[in-house]
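Visitor: I have a model to go through with you. Can we start with what sits around the ligands?

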Amino acid sequence: MKILVTGGTGYIGSHTAVELQQEGFEVVIVDNLSNSSAGVIDSITAITGIRPVLEVFDLADYKKTMDFFQRHSDIQGIIHFAAYKAVGESVEQPLMYYRNNLVSLMNILEAMNSQQIPNLVFSSSCTVYGQPDELPVSEQAAVKKAESPYGNTKQISEEIISDTIRTSGLKAIALRYFNPIGAHPTALIGELPLGVPNNLMPFITQTAIGIRPQLRVFGNDYNTPDGTAIRDYIHVVDLAKAHVISVQRMIQSRMKKPFEIFNLGTGIGYSVMDVIRSFEKVSGERLNYIVVDRREGDVEQVWANPQWSNTELGWKAEKNLDEMTYSAWKWEQAYKKRSRKQ
Ligand code: NAD
Ligand code: WQD
């Protein structure tokens, strides 16, 4: 069964391609390599022994997208990861974000309609909840006004999907990820941010390996036990597995309604200091960090209520924080080794 993974050379897409192949799916990847490299295909092949097809083009290009789908009319489902994801950059360049993230989604939905491909899994984000009124946050929580154009693209995308489904035979599952971190246990694929990382985990590993001089902890005056902000970190392999389960749910017609939404988190909130301590423990490294002012736009604390995903989707995160930080560190070390050889 052929599944299209858009953004499949990226961080979460590559891990999902591996899990799909290991469950017997045929994987076709479309990526324009704007935030990843074609070499990831070699790494996926090294892990699974199966080389996924890669087509390099921009999904915001209507003609190329339609042409692709005409040539691959036997695709049974699509997992749509391809999007820009840097919150700060989206504030600086909102139109670039709206165009890329929304136009590519609309092109895919049009192609699904015309080729009668019924199944879509969409990458959404816990960012749609903002600072929730109640914790842990369930799928029923209000969607708050987006803090950034990036966050807004996720909210609007969910609405576009919901409206489209109302008048077509399409089905979709939106997965709202909390904070994905870590890497594949082989250390052959992982997170490769371009330039200075925005996110905590790659900043920690890049600091420990000597690429960055110091980690800045953004605020220790939050109303949390140790004063630093709290998130629900989730291992990327656990996250990838939820996509395979979602595809199977759609194909086996187990959906309760045509558009379903699931939280993907562990249900446990960890502070920035918890992550640093876990990293120091598993790596044996002492991390150079200082506490600075809060980062603008950050919420104080958010973690998932994963009950609905656990019971209805039949998925549960398995890996703990130490496993996440350990795999991230192994990946950073392996990447350095490979770069030296080149
Ligand atoms: P990533 O940047 O590693 O992967 C996205 C991939 O999509 C990249 O390989 C990029 O080259 C490709 N791409 C972007 N625009 C494209 C286009 N127009 N045409 C073709 N390819 C295009 O990001 P990721 O962390 O793997 O995130 C995947 C998805 O999950 C994104 O939609 C992101 O918004 C969402 N998400 C990510 C996180 C996170 O913290 N990483 C959290 C919540 C949601
Ligand atoms: C985690 C915590 C920071 C960097 C972002 C997006 C969100 C989603 C996931 C896509 C926060 C602190 C960070 C640093 C730090 N992505 N931190 N020093 O902000 O929860 O979420 O990624 O949908 O939409 O906003 O993740 O990893 O940036 O931060 O102290 O150098 O680490 O303040 O408390 P965030 P993050």
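Visitor: How many residues surround ligand 2, and which are the closest?
Guide: In this predicted model, 19 residues surround ligand 2, and the closest are Ser125, Tyr150, Arg216, Arg231 and Asp298. A residue counts as near a molecule if one of its heavy atoms lies within 4 Å of it.

Visitor: What are the ground rules for numbering and confidence?
Guide: Residues are numbered from 1 along each chain as its sequence is written, while chains are lettered from A and ligands numbered from 1 in the order in which they are written. Local features need pLDDT of at least 70, side-chain atom pairs count only at pLDDT 80 or more, totals for chains, interfaces and linings use all residues, and side-chain values use heavy atoms, with hydrogens and water left out.

Visitor: Back to ligand 2. Which polar backbone atom lies 2.7 Å from a nitrogen atom of the ligand?
Guide: That one belongs to Arg216. Leu200 also takes part through its backbone, with an N or O atom 2.8 Å from an oxygen atom of ligand 2. Asn199 uses its side chain instead, where an N or O atom is 3.1 Å from a ligand oxygen. A polar contact here is a pair of N or O atoms within 3.5 Å; within protein, one must be able to donate a hydrogen and the other to accept it, and residues adjacent in sequence count only if both atoms are side-chain atoms.

Visitor: How much of ligand 2 does the protein cover?
Guide: On its own, ligand 2 has 690 Å² of accessible area, and the protein covers 88% of that. The areas come from the Shrake-Rupley method with a 1.4 Å probe; for residues, only the protein chains shown count as cover.

Visitor: Which element gives the most to that shell?
Guide: Strand S8 (215-218), with four residues. Helix H7 (200-209) also gives two or more. Helices (H or I, at least four residues) and strands (E, at least two) are DSSP runs, numbered from the N terminus.

Visitor: OK, ligand 1. Which residues come nearest?
Guide: Of the 26 residues around ligand 1, the nearest are Asp31, Asn35, Ser36, Asn100 and Tyr150.

Visitor: And how far is the backbone of Gly10 from a ligand oxygen?
Guide: A backbone N or O atom of Gly10 lies 3.4 Å from an oxygen atom of ligand 1. For Tyr11 the corresponding distance is 2.8 Å, and a polar backbone atom of Ile12 is also 2.8 Å from a ligand oxygen. Ligand 1 taken alone exposes 820 Å², of which the protein buries 95%.

Visitor: Which elements give two or more residues there?
Guide: Helix H1 (11-22), strand S5 (119-125) and helix H6 (149-166). S5 has the largest share, three residues.

Visitor: Changing topic: how many salt bridges does the structure hold?
Guide: It holds 16. The criterion is a side-chain nitrogen of Lys or Arg within 4 Å of a carboxyl oxygen of Asp or Glu.

Visitor: Which residues are linked in a network?
Guide: Salt bridges link Arg249, Lys256, Glu260 and Glu312. The closest N and O atoms of Glu260 and Arg249 are 2.7 Å apart. That pair joins strand S11 (residues 259-264) to helix H8 (residues 236-251), eleven residues apart. Glu312 and Arg249 meet at 2.8 Å, N to O, and Glu312 is in helix H10 (residues 307-313), 63 residues from Arg249.

Visitor: Is Arg249 buried or exposed?
Guide: Buried, at 1% relative accessibility. Glu260 is buried at 2%, and Glu312 is buried at 16%. Buried means under 20% relative accessible area, exposed over 50%, and partly exposed in between (1.4 Å probe, protein chains only).

Visitor: What is phi for Ala187?
Guide: About 60°, a positive value although Ala187 is not a glycine. Ala187 counts as buried, at 8% relative accessibility. Ser253 also has a positive phi, near 55°, but Ser253 is exposed, at 59%.
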